[in-house]
Protein chains: 2
Amino acid sequence: MNRESRIQWKGPSWDLRVYPVTRPDGTVLEKGYVDHPGAVVLVPLLGDDVVMLRQYRFSIDETILELPAGTREREENWLVCAQRELREETGYRASSFISLGHVWSAPGYSDEVMAIYLATGLSRDPLKADFDEIIELQPHPLPELVEMATDGRLRDGKSIIGILRAADFLRHHSPSASDSAS
Amino acid sequence: MNRESRIQWKGPSWDLRVYPVTRPDGTVLEKGYVDHPGAVVLVPLLGDDVVMLRQYRFSIDETILELPAGTREREENWLVCAQRELREETGYRASSFISLGHVWSAPGYSDEVMAIYLATGLSRDPLKADFDEIIELQPHPLPELVEMATDGRLRDGKSIIGILRAADFLRHHSPSASDSAS
């Protein structure tokens, strides 16, 4: 969040902030950005499959293939958020979350940071999902998803990055290797 | 854009739209999303280098390394936008734009589509940049950028995807190969 801005609209999970920009002729333009608490993106490994979702997205009025992900609550610990979203969206809990990095989704108009985790050691432990989420689980083999991320069939930004980073990690480590936390 | 929404805030390049969601108890929640005209993301090849930018981003109050990119005007042709943004941000025009796909940056709260292009055959032909953009060119060898996209040093989502797709394309084609358009 940039302090030289003010809230224009308060939403249930993020706000719209606006800030003035002075043009060369002295007139002022008001620009906006999304003030976002951040999100987790999960790559849940179940055998050789990644548990993907098909989820309806209102903004584009389409059902798309994507990784499980969710918005963090403002003061929520990132790993608590990761476990909660995994259980809500897939019905699994993970015994280990391995960080695959932090990425800005759209820094031109949003301060959202996406924390990406490889989630391993899955066992069934569902949590009730958000009432307005329409989600269908759709596991896919990781090599097929790498092809889809590369050739353009996968079109969701966070999912492309999560899949390619997970595949690279697994080429160099076993899923039970270092850097894990739970 | 989803028709079952209304404009809450009109910005210079995109709008905030809101829509009602009814909770199970009958009360109504108002959710929002960014109604965006789309953007181009460019991977400009200059010899063995990709012309990257260091650019200040207000939302996160940081200067970050990223690919040249820019918002489309509402009725603008995508390739016209690609050439315009390339000239404005890097001072080069390209003789060829090769599509590397279309990606949603943040479909949970934005309908932005990013059209990614490999830009080849560069020659100097600057266009005046937007008055409020502070940009420094910073060419990097493509193999170094692939490492940075994979190991987490590159943190801008569109740039990670653009670099990895460009590297895959160039492994399979020469830059002057098929699918080009200008």
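Here are a few questions and answers about this predicted model.

Me: Which element of chain B gives the most to the side that touches chain A?
Reply: Start with the contact count: 46 residues of chain B are in contact with 46 residues of chain A. On the chain B side, strand 1, strand 2, strand 3, strand 9 and helix 3 each supply at least two residues. The biggest giver there, with six residues, is helix 3 of chain B.

Me: And by class, how many residues on that side of chain B are nonpolar?
Reply: The side of chain B that touches chain A has 13 polar and 11 charged residues. The nonpolar count is 22.

Me: Which strands stand at the edges of the open three-stranded sheet in chain B?
Reply: The order is 1-2-3 with antiparallel pairing. The edge strands each have a single partner strand, so one side of each is left without a neighbour in the sheet. Those are strand 1 and strand 3 of chain B.

Me: What is the bridge partner of B:Ile7 in strand 2 of chain B?
Reply: Strand 1 and strand 2 of chain B pair in the antiparallel sense over four bridges. In strand 2, the partner of B:Ile7 is B:Arg17.

Me: Which residue takes a positive phi in the hairpin of strands 5 and 6 of chain A?
Reply: Those strands run antiparallel and are joined by five bridges, with A:Gln55 opposite A:Ile64. The hairpin has four residues between the strands. The one with a phi near 55 degrees is A:Asp61.

Me: How many residues are in the largest nonpolar core?
Reply: Among those touching the most other members are A:Tyr117 and B:Tyr117. Beyond its sequence neighbours within four places, B:Tyr117 has contacts including B:Leu42, B:Val43 and B:Phe97. The core's residue count is 86.

Technical notes:
Residues numbered from 1 in each chain as written. Chains lettered and ligands numbered in written order. Predicted model: local features only at pLDDT ≥ 70, side-chain atom pairs only at ≥ 80, totals over all residues. Contact = placed C-beta atoms within 7 Å. Nonpolar A, V, L, I, M, F, W, Y, C, P; charged D, E, K, R; others polar. Pairing = 2+ DSSP bridges. Core = buried A, V, L, I, M, F, W, Y, C linked by C-beta atoms within 7 Å. Buried ≥ 20, exposed ≤ 12 C-beta atoms within 10 Å, placed from the backbone.
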